Structures are given as structure tokens and as C-alpha cells.
Amino acid sequence: MKVLCVIDSLGSGGAQRQLVNLAIGFKEKGHEVSFLVYHNINFFQGQLDEAQIQIHYVIEANYLKRLLKIRKFLRDGNQDAVLSFLEASNFMCEIASLPYRKWKLIVGERNSNPNILKSFKLRAYRWFHLFTDYIVANSQENINIVSKINPILSKKKLRVIYNKVDVNLFSPVLNFKNENKLLNVIVLAGYRKQKNIEGLINGVNHLNDYYKNQLKIHWYGSAKNEYPEGETLKNAQNMLKMYNLEEIIFLHEEVKNIAEKIKQYDVVGLFSFYEGFPNTICEGMASGKPIIASAVSDVPVFIEEDINGFLCDPNDTQSIANALIRAIETPKEQLYEMGLRNRAKAEIMFSVEKTVDMYLEIFND
């Protein structure tokens with residue numbers, strides 16, 4: 001089978017990472033796979049080159065011309081299936097499918113942003129889902145939003161497939177011990193308002209000195225995917241200086257060796273206002289780490305309070321502070337046991353084999 005994967009770029013985002021990993025999984029199953037992107041950002045190009053997956057570029061600043069060029073590329077292609085992720089890419093693939101097509105079209109919904117319901121443009125994107133074969137989301141919350149916007153969509157076209165994780169790469173460190181007794185938290189997220197770094201900083205600032213002295217948080221991410229570029233990162237840096245938290249919260253650039261980074265920390269954190277089902281939680285669970293996260297989207301389905309993690313309200317600074325306090329007060333042995341529960345869940349829910357097979361089943365339906 002010839003599969004074409006379509007997305008805006010090969011940047012460092014979670015949707016890009018999932019689509020790249022899926023493409024590699026399809027290739028390993030013996031299928032012919034290629035990529036079509038329209039922004040020249042190549043964080044994941046090395047992985048695709050290594051897997052011998054061809055990348056096609058349609059670089060066009062004018063949106064209408066870009067739409068027409070992508071439509072022509074798709075209609076001239078001989079692919080059997082197109083798998084598209086993210087709103088604009090989905091829309092262009094759906095336009096390309098009119099008035100008819102010879103290939104299967106599957107579009108991926110990756111974000112449960114509640115503002116979708118308030119925006120005419122974002123709602124309009126979902127109306128064009130009528131022209132797809134399947135809409136696949138990585139959370140039930142996302143499917144609920146799509147169904148609310150476009151109630152005439154057949155339920156047979158709607159599927160939830162949770163993110164895939166290489167459970168061999170993301171694996172626990174046996175008998176992991178934090179020798180300095182501090183709670184070391186890693187956050188892997190872009191510097192965007194959605195990810196709520198300001199809420200986290202305010203939450204830490206609410207802690208008294210006793211708890212502050214037992215906490216280190218390292219945030220790794222990119223500041224590129226926002227306009228104006230870097231605004232959230234600059235605001236965060238200014239807040240850290242203002243609150244004198246620069247020795248507690250450390251801000252780093254994005255990294256590629258995510259699996260190795262996670263192994264070095266006690267807990268994986270994510271404090272977003274909204275999500276689909278985020279990669280960092282899947283990867284943290286597979287790595288045998290407890291999770292501190294906002295109780296948004298499908299996160300509470302997987303993370304149970306004091307069983308395998310700690311939940312908070314991203315809109316409530318004190319709630320974030322309280323979640324951090326609960327994690328700090330939890331004995332290290334108990335944190336380790338919580339992480340092992342996450343590992344057991346991840347092996348069942350996020351395996352590469354299971355996720356790739358679910359997509360291939362849709363392609364062949």
C-alpha cells in the first residue's frame with residue numbers, strides 16, 4: 001500500500017512526532033510511505049531519512065496558491081491512502097478530494113481546544129470532515145467537540161486511537177533513586193500560552209520556602225510555534241526573575257533525546273489549559289514515571305489521584321501548588337510504585353504494534 005502523510009512541517013510538535021513515528025511503523029510493516037509538508041522546518045527529517053521515507057515540499061507563502069498546489073499534488077499522485085494531521089492540512093486534503101477521489105482519506109484531530117466552538121474558521125474546518133472516510137482523534141474529548149460541531153457526521157467515521165509510544169525506547173530505570181532527595185520534575189512542552197508555563201510559575205511562587213527548597217523543575221521546549229515568536233518564553237523568563245525562582249525553574253531549548261531526559265527525573269509534568277492526549281504523558285507513563293498534570297481532556301481517564309499521579313486545575317494557581325505539594329510529600333518509594341503502575345498501563349494502551357495496526361485496519365476498510 002502507498003501511504004502519503006500530510007502535515008504542515010516536520011517541526012518538533014507532538015502531532016509531527018506522532019505522524020513521523022506512525023510513518024516509520026507503516027514502513028516497517030512493508031508499506032511504501034512518503035510525506036508532504038508545506039513549511040521548511042525539519043526537526044524530524046533525520047528520522048525520516050534514516051527510515052528512507054521520501055519528503056515532498058510545497059513551499060508557497062500565498063495560502064490560495066498553496067491550497068491549489070497541494071490539491072494538484074494529491075490529485076496527480078498514485079497514493080492508496082492519505083493520512084493528514086492538523087486543521088489546515090486536513091482542510092486542504094479534503095478540498096483536494098472534491099469532487100471525487102480514488103484514495104482513502106483519514107484526517108487526524110489532535111487538539112481539544114474549547115475555542116474551536118467559538119471560532120467560525122475552526123468550526124468550518126470540521127464541516128469539511130463530511131468528505132473524509134474517517135476522522136481519528138487521540139482523545140474522546142476531541143471526538144465530542146467534532147460531533148458537536150458537525151452532528152450529521154456518521155459515528156462510524158469517528159475513531160479514537162491514543163498516541164503510540166515505543167515502549168522499548170521509553171522504558172523505566174530499574175530501582176531508580178534520586179540521591180539528592182529533591183523532587184525533580186521534567187516538563188516537555190513548547191513555550192506557548194496553551195501549555196500554561198505562567199500558571200506553573202505562579203503555582204511555584206505560592207509555595208512556602210520549605211516546599212520551594214525541595215523542588216526543581218526543568219522545562220524543555222521550542223518557542224517557535226507562536227506569534228509573536230518567543231513571547232511566552234520571554235514573559236516566563238521575566239516572571240522567574242521577578243519572583244526569584246531562577247534556581248527552582250529552569251528553561252531549556254527543545255531536545256531530541258527525550259527518552260534519556262525523562263529517565264533523569266522523578267516526575268513528568270504538564271499543566272496545559274487544554275490538550276488532545278499529549279505525547280509527554282504517554283511517554284512519561286511508558287518511562288515508569290508518575291505524572292503531574294492538568295485534569296483536562298482524557299487525562300483523568302489514565303491518571304488517578306495518588307494512584308499513578310497528581311491532578312490539578314490549570315486555571316487555579318493554588319490547585320497547581322497543591323499538586324506539587326502532594327508530589328513533594330509523597331515518599332520516593334511510593335513515587336516509584338506509582339511509576340510502575342503507569343508503565344503497566346502504557347504497555348497495554350500505547351504499544352506501537354497496536355496503534356499502527358489500528359490505522360492500517362482503517363486504511364484497508
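Helices here are DSSP runs of H or I with at least four residues, strands are runs of E with at least two, and both are numbered from the N terminus. With that in hand, let's go.

This is a predicted model, where local features need pLDDT of at least 70, side-chain atom pairs count only at pLDDT 80 or more, and totals for chains, interfaces and linings use all residues. Residues are numbered from 1 along each chain as its sequence is written, and side-chain values use heavy atoms, with hydrogens and water left out.

I start at the surface. I152 sits in the loop between α6 (140-149) and β7 (158-160). Is it buried or exposed? I152 counts as exposed, because its relative accessibility is 65%. The cut-offs: buried is under 20% relative accessible area, exposed is over 50%, and partly exposed is in between, with a 1.4 Å probe and protein chains only.

Next, a helix pair. Two packed helices are described by the angle between their axes and the distance between the axes. Take α4, residues 87-96, and α5, residues 120-127. Their axes come within 9 Å and cross at roughly 45°. Axes are lines fitted to C-alpha atoms, for helices over the stretch in contact, and angles run from 0 to 180 degrees between N-to-C directions. So α4 and α5 are oblique to each other. On that scale, under 35 degrees is roughly parallel, over 145 roughly antiparallel, 65 to 115 roughly perpendicular, and the rest oblique.

Now charges. How many salt bridges does a search of the whole structure find? It finds 13. The criterion is a side-chain nitrogen of Lys or Arg within 4 Å of a carboxyl oxygen of Asp or Glu.

One of them pairs R126 with E87, closest N and O atoms 2.9 Å apart. R126 is in helix α5 and E87 in helix α4, so this pair ties together parts 39 residues apart in sequence. R126 counts as buried, because its relative accessibility is 2%. E87 is at 28%, so it counts as partly exposed.

R126 also meets E109 in a salt bridge, 2.9 Å from N to O. That pair links helix α5 to strand β5, 17 residues apart. Both R126 and E109 are buried.

R101 and D133 form another salt bridge, at 2.7 Å between the closest N and O atoms. R101 lies in the loop between α4 and β5 (104-109), and D133 in the loop between α5 and β6 (134-137), so parts 32 residues apart are tied together. R101, at 23% relative accessibility, counts as partly exposed. D133, at 24%, also counts as partly exposed.

Last stop: α11, residues 279-286. Eight of its eight residues are buried. Among them are I281, C282 and M285. G288 follows α11, with a positive phi near 75°. Which residue is 53 residues from G288 in sequence, yet 7.4 Å away, C-alpha to C-alpha? R341. R341 is in helix α14, residues 332-349.
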